Amino acid sequence: WFVRSGEATAARSVLTRLDLAKRRSIDVVDDATEPAVSPDGAHLAWVAVDPVTATRTLVLADADGGSPRIVADAAEIGDLGLPFFSADGRWLYFTVLLATVPEPTPTLLDLLIPSANAHASHDQVGDWWRVCVDGGAPERASFEETVQYDGAPSPDGALVAATRDGVVRVDPATGEVARLSCLRTARAVGLVGEVPTHVR
């Protein structure tokens with residue numbers, strides 16, 4: 001799965017599936033971005049963008065993109081993005097921007113090491129939310145109120161996030177945050193193997 005965009009597309013972005021065996025691309029959904037595939041391959045999620053209002057919704061579908069349903073709406077909870085599935089595939093995580101929280105002022109690190117800062121337009125305060133794949137209302141999973149750059153599932157059911165304040169592990173059941181690194185992080189994070197007990 002990937003997002004295709006450009007002059008050759010009727011939509012601003014098209015969620016596309018590449019069949020590697022047949023070496024053929026199939027356009028599946030217009031005005032969609034940020035695809036995520038569940039670990040068992042049973043589900044696909046993406047962020048749908050309304051072409052008129054630019055309002056974003058989180059969509060959950062079957063592995064082939066069929067039977068899509070909206071599981072979170074930015075009009076109700078705030079602008080959203082960065083979806084990924086939990087390690088067991090039971091939860092779909094995503095960020096929600098906190099519109100009422102002002103953007104953080106530049107730190108000394110920002111001034112000394114500009115390259116440590118991601119795109120300024122993306123530096124907006126937010127937190128992680130989750131929604132159960134089997135149904136239910138979205139719920140807030142973290143209460144850090146910091147810039148969230150990326151996230152990934154932890155094998156023990158938690159999530160690991162790259163934030164403006166460093167790499168953190170979040171226990172979604174309690175909202176407890178364990179700081180794994182206090183250095184500024186950029187985008188992708190991941191965790192494999194066993195999680196040491198001192199960060200649980």
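Select Phe84 and Trp128: both are buried. Buried means under 20% relative accessible area, exposed over 50%, and partly exposed in between, with a 1.4 Å probe and protein chains only.

A word on the model before moving on. It is predicted: local features need pLDDT of at least 70, side-chain atom pairs count only at pLDDT 80 or more, and totals for chains, interfaces and linings use all residues. Residues are numbered from 1 along each chain as its sequence is written, and side-chain values use heavy atoms, with hydrogens and water left out.

**Stop 1: the whole protein**

Zoom out. The protein has 2 helices and 15 strands. These are DSSP runs, numbered from the N terminus: helices are H or I with at least four residues, strands E with at least two. Of the 200 residues, 42% are buried.

**Stop 2: the aromatic rings**

How many aromatic pairs does a search of the whole structure find? The search gives 2. Show Phe84 and Tyr93: their ring centres are 5.4 Å apart and their planes meet at 20°, so this pair is stacked. Rings of Phe, Tyr and Trp (its six-membered ring) pair if their centres lie within 6.5 Å; planes under 30 degrees apart count as stacked, over 60 as edge-to-face, and the rest as tilted. Both Phe84 and Tyr93 are buried.

With Phe84 it makes an edge-to-face pair, 5.4 Å centre to centre and 70° between the planes. This pair links distant parts of the chain: Phe84 belongs to strand 8 (residues 80–85) and Trp128 to strand 10 (residues 125–132), 44 residues apart. Keep all three rings on screen: Phe84, Tyr93 and Trp128 form one aromatic cluster.

Next, select Arg130 and Trp91. The charged end of Arg130 sits over the ring of Trp91, 3.7 Å from its centre. For this, NZ of Lys or CZ of Arg must be within 6 Å of the ring centre and within 35 degrees of the ring normal.

**Stop 3**

Two strands pair if DSSP finds at least two bridges between them.

Look at strand 5 (residues 43–49) beside strand 6: the two pair in the antiparallel sense over 7 bridges. His43 stands opposite Asp62. Their hairpin has 6 residues between the strands, and Ala54 there takes a positive phi near 65°.

On to strand 6 (residues 56–62) and strand 7, which run antiparallel and are joined by 4 bridges. Val59 faces Ile70, and Leu60 has Arg69 as its bridge partner. This hairpin also has 6 residues between its strands; Gly65 in the turn has a positive phi of about 90°.

**Stop 3: Thr57**

Is strand 6 mostly covered or mostly open? Mostly covered: 6 of its 7 residues are buried. Pick Thr57, found in this strand. Thr57 has 12% relative accessibility and therefore counts as buried. Leaving out residues up to four places away in sequence, Thr57 touches Trp46, Val47, Ala48, Ile70, Ala72, Asp73 and Leu80. Contact means heavy atoms within 4.5 Å.
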